[in-house]
Protein chains: 2
Amino acid sequence: MNQDRYSERCQEVCVHEEVVNSVTEEMPEDEILYDLAELFKIFGDTTRIKILYVLFESDMCVCDIAQLLNMGQSAISHQLRVLKQAQLVKFRREGKQVIYSLADDHVRTIINNGMEHIME
Amino acid sequence: MNQDRYSERCQEVCVHEEVVNSVTEEMPEDEILYDLAELFKIFGDTTRIKILYVLFESDMCVCDIAQLLNMGQSAISHQLRVLKQAQLVKFRREGKQVIYSLADDHVRTIINNGMEHIME
DNA sequence: TCTTCATATGAATAACTGTTCATATGTTCA
DNA sequence: TGAACATATGAACAGTTATTCATATGAAGA
């Protein structure tokens, strides 16, 4: 990953050194860019997007989500865990059921922005 | 995929039928949700996020991007193709080089929103 | 036209991811 | 406490994806 790839690089004719240097300075930390990709990765799955969309409308138990999406309970539960770990959803227990809901409004914002791009 | 999973569903005690029905009506088309996930999937990779971030700062040729990210030219080229197909970047030819740039400002908006969520 | 260089592309491989199946956990109610 | 039910979890499998290697394409200059 961190090996020097000098041999693969193009000649100095191509490399605009000043530009490369100044852009390098402006780049956020690798770790931040990694986290950012991880976040978007979570939105990058149809099932998870659907779950989030469902939760836009109403808090809901695992079972209802599974029925609504016509998928197995286990699949939904696994994905809810992913969403939970990313702090995109939260949950509360109500008797035997676990009710999930959106963690905050960033989720809405992010999804709506994506929607705009698609709809243009 | 579309098989009936009735047997896996929970009892009527759990299924809040009115809620499920009303949410179902509000859901966007499957195809739209699919496209949305596809869009986010593209942002869900560190290399592509880095490329986009680089292009925030300056239009740049493939070779410069590769050097900046310390990666092989081929890897960058492959990812640029993905970004191009998603209409997130565009390109122009300048002599032997191909200069890439951001396609529009939605890219910035989407990434910035993601950044906000991470930074909170 | 021939060479050089920047980029693109196809195939192969390794790593990752989502769903399913089987089963465990934890709550409610009799 | 035991039965019934909603949810969680681990392992396995199938499908997907990013990178690399080798090579092709296409532009520029001699």
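Predicted model: local features only at pLDDT ≥ 70, side-chain atom pairs only at ≥ 80, totals over all residues.
The interface is formed by 54 residues of chain A in contact with 54 residues of chain B. On the side of chain A that touches chain B, at least two residues each are supplied by helix H1 (17–26), helix H2 (30–43), helix H3 (46–57), strand E1 (60–61), helix H4 (62–69) and helix H6 (106–119) of chain A, and the most is given by H2(A), with ten residues. By residue class, this side of chain A divides into 28 nonpolar, 15 polar and eleven charged residues. Because 100% of the interface residues of chain A are also interface residues in chain B, the copies meet through the same surface.

Within chain A, three strands form an open sheet in the order E1-E3-E2, with antiparallel pairing. E1 and strand E2 (89–94) of chain A are the edge strands, each of them pairing on one side only. In general, the strands of a sheet pair through backbone hydrogen bonds, in either a parallel or an antiparallel sense. E2(A) is joined to strand E3 (residues 97–102) of chain A by six bridges, and A:Val89 is placed opposite A:Leu102 in E3(A). Across E1, E2 and E3 of chain A lies H3(A), which runs at about 90° to E3(A).

In chain B, strand E2 (residues 89–94) and strand E3 (residues 97–102) likewise pair in the antiparallel sense over six bridges, with B:Phe91 standing opposite B:Tyr100 in E3(B). E2(B) and E3(B) form a hairpin in which two residues lie between the strands, and B:Gly95 in the turn adopts a positive phi of about 65°.

The crossing in which H3(A) passes H2(B) is right-handed. From H3(A), the residues A:Thr46, A:Ile49, A:Lys50 and A:Tyr53 meet B:Leu33, B:Tyr34, B:Leu36 and B:Ala37 in H2(B), and the residues of this contact comprise six nonpolar, one polar and one charged.

Methods:
Residues numbered from 1 in each chain as written. Chains lettered and ligands numbered in written order. Contact = placed C-beta atoms within 7 Å. Helix = DSSP H or I, 4+ residues; strand = E, 2+ residues; numbered from the N terminus. Nonpolar A, V, L, I, M, F, W, Y, C, P; charged D, E, K, R; others polar. Pairing = 2+ DSSP bridges. Axes fitted to C-alpha atoms, helices over the stretch in contact; angles between N-to-C directions. Left-handed = near helix turned anticlockwise from the far one by under 90°.
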